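Please consult the sequence and the model while reading.

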Amino acid sequence: MKIAVLGGDGFVGWPTSLHLSSAGHDIHILDNLSRRWIDTELGVQSLTPMDSIQERTRIWHEQTGRRIRFHLIDLARDYELLKNWLAAERPDAIVHFAEQRAAPYSMKSDRHKNYTVNNNVNATHNLLNAMVETGLDAHLVHLGTMGVYGYSTVGAAIPEGYLPVGIETISGGTARQEILYPSNPGSIYHMTKCLDQLLFQFYAKNDGLRITDLHQGIVWGTHTRDTAVHPQLINRFDYDGDYGTVLNRFLIQAAIGYPLTVHGTGGQTRAFIHIQDSVRCIQLALDNPPARDSRVEIFNQMTETHRIRDLAKLVSGMTGADIAWLPNPRKEAPENELVVESAKFRELGLAPTRLANGLLSEIVDVARKFAYRVDRSRVPAVSAWTRDLAPLINADPEGRRLKSVS
C-alpha cells in the first residue's frame, strides 16, 4: 500500500514509518517538524542524538534499499497544499500522528493552550475535509489517547470506545443504544483528542469515511527492530518535564543520581504500551480496516496498567535510586483505579512486551549510555495546571530541597 504517515518524524511516527516500510509499503512522511522547533523553544534536546529527517531517510535507504519520502507540510495551516498532495498521490491509507502530544506543554501558558488547540483540531479537520473534497477512499488510522476517558472508573472496565446504555422512553420503556464513552479530558491536549473523536464520528456518518481511532496508553521504550538497524536511525527519547513521560523521567533520574520524582501520592494509575507493540498495533489496524459507511472503529491500545508509586519502586529496586515526593502540578484525583478492556488487539495476535521483561535494557542501553547528554535543569516537571498550583510547583524547579526516601 501507499501510506501517508502524518507526523512521521515524531516519537511514534518515526518507528512506525520504518516498520511499515520494512513490511513493503510505500511510505510518505508529511511533517512540519514542529517537534524539533519545540525542542529549541524549551532549550532541551532528545536524550538520544537525532539526525535530520533527510539524513534518517537516507540512512534507511542505504541500509535496506527501501525509500521513505519526506514532504514538508503543516497540516494545520497548509490546507490547499495538503489537499493537492492527497489529490495527486492518493494514498491507500493515512496514519495520523500530526498533533502536539504533551499534556504538560499544552498547559504551560495561554499561548501553549491556543497553539495546541489550533494545531491539533485544525490538523485533524483539514485532513478529514480534504479527504472528502478529493474523493479519497483511504483508511484513516488516528493515534488517540486513553486520556479521553479520564483516569477513573465507576466499578466497571472502560470499554473500547462505545458504551451500551439504556434510556427511559416517554412510554416508560427502555431504549438501548451504544454511545461514545463519556469524555473526561484532564488537559487541553486530552481535550483536543476528545474533539477529534467527534470529528471522526461526524465524517464517518456524513461522508462514509473509514476511520480507526486508537486510544493509546503511555508509550515506553526507545528501540524497535527497525530503529536498531543503524545507530543513526535511533528513536527520540524525551526526558524533560514537559515531554518526558513518567517512566522515561524515572529512568533518566536514576541514571544521573537524581531522586525519582513522584508527584502527589503516586496513586495515579496509568496505562502503558511498549513502542514495538505500538507500531505493531498500527499495522494490525491497517490490516483490518472498517467497511465504508460503518461507525468509527475504536481500539484501546495498551497492554498493562501501573500506579506511579509502584513504577518508582520498580525502578528504584533495579537501580538503587531514592524516591522524592513532590506536589502534583496536575489537577486530578490523588488516587484512581484504571480497568480497561483491550481484547481486540490480542484477538488479532498481539503478544505484548511487559515492563518487567524490557525495562532493564532501557536503563542500561539508553538511559545510562546517553546520560552525559542530560540537562539536569530540564528534568523537573514545572508546568502547572492552574494558576493556584504554579507558585507551589515552581518554588524550587531544580529540586535542591527534594525530600528523598528509600
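## The loop at Gly264

Gly264 is found in the loop between strand 10 (260-263) and strand 11; helices (H or I, at least four residues) and strands (E, at least two) are DSSP runs, numbered from the N terminus. At 30% relative accessibility, Gly264 counts as partly exposed, where buried means under 20% relative accessible area, exposed over 50%, and partly exposed in between (1.4 Å probe, protein chains only). Leaving aside its neighbours within four places in sequence, Gly264 is in contact with Trp325, Leu326, Pro327 and Asn328, contact being heavy atoms within 4.5 Å.

The model is predicted: local features need pLDDT of at least 70, side-chain atom pairs count only at pLDDT 80 or more, and totals for chains, interfaces and linings use all residues. Residues are numbered from 1 along each chain as its sequence is written, and side-chain values use heavy atoms, with hydrogens and water left out.

The buried residues are Val246, Leu247, Asn248, Arg249, Phe250, Leu251, Ile252, Gln253 and Ala254. Their cover includes strand 9, strand 10, strand 11, helix 10 and helix 12 (355-368). Gly257, which follows helix 8, has a positive phi near 75°.

Asn248 also belongs to the lining of the second largest cavity, together with Phe11, Arg101, Val219, Arg236, Phe237, Asp238, Tyr243, Gly244 and Thr245. That cavity holds about 50 Å³ of space, and the structure has two cavities of 30 Å³ or more. On a 1 Å grid over the protein atoms alone, a cavity is a set of points where a 1.4 Å probe fits but cannot get out, and a pocket is an open set with protein on both sides within 12 Å along at least five of seven lines; lining residues have an atom within 4 Å of a point. Grid points are joined across faces, edges and corners, and a volume is the space filled by probe spheres set on the points.

An open sheet of three strands has the order 9-11-13 with mixed pairing; two strands pair if DSSP finds at least two bridges between them. Strand 9 (218-220) and strand 13 (304-307) stand at the edges with a single partner strand each, so one side of each lacks a neighbour in the sheet. From one strand to the next the twist averages 45°; axes are lines fitted to C-alpha atoms, for helices over the stretch in contact, and angles run from 0 to 180 degrees between N-to-C directions.

Three bridges link strand 9 to strand 11 (residues 269-274) in the parallel sense, and Trp220 has His274 of strand 11 as its bridge partner. Helix 10 (residues 308-319) packs on the sheet, touching strand 11 and strand 13, and its direction makes about 90° with that of strand 13.

Strand 2 (residues 26-31) and strand 3 run parallel and are joined by five bridges. Asp31 has Leu72 of strand 3 as its bridge partner.

## Nonpolar cores

The largest nonpolar core has 41 residues, and those with the most contacts inside it are Leu86, Ile94 and Met131. Such a core is a set of buried Ala, Val, Leu, Ile, Met, Phe, Trp, Tyr and Cys residues joined through side-chain atoms within 4.5 Å. Strand 1 (2-6), helix 4 (79-89), helix 6 (110-133) and helix 7 (188-207) are the elements that give two or more residues to this core, and helix 6 provides the largest share, six residues.

Beyond its neighbours within four places in sequence, Leu86 is in contact with Pro91, Ile94, Leu127, Ala130, Met131, Thr134 and Leu136. Another core, of 38 residues, lies apart from the largest one and has Leu260, Leu355, Leu359 and Ala367 among its members.

## The largest pocket

About 270 Å³ of space lies in the largest pocket. Its lining comprises 13 residues, of which Asn32, Asp74, Arg77, Tyr115 and Asn119 lie nearest its centre. Helix 2 (34-42) and helix 6 each supply at least two residues of this lining.

Ser34 is located in helix 2 and, at 14% relative accessibility, counts as buried. Ser34 and Gly7 are 27 residues apart in sequence and 9.1 Å apart in space, C-alpha to C-alpha.
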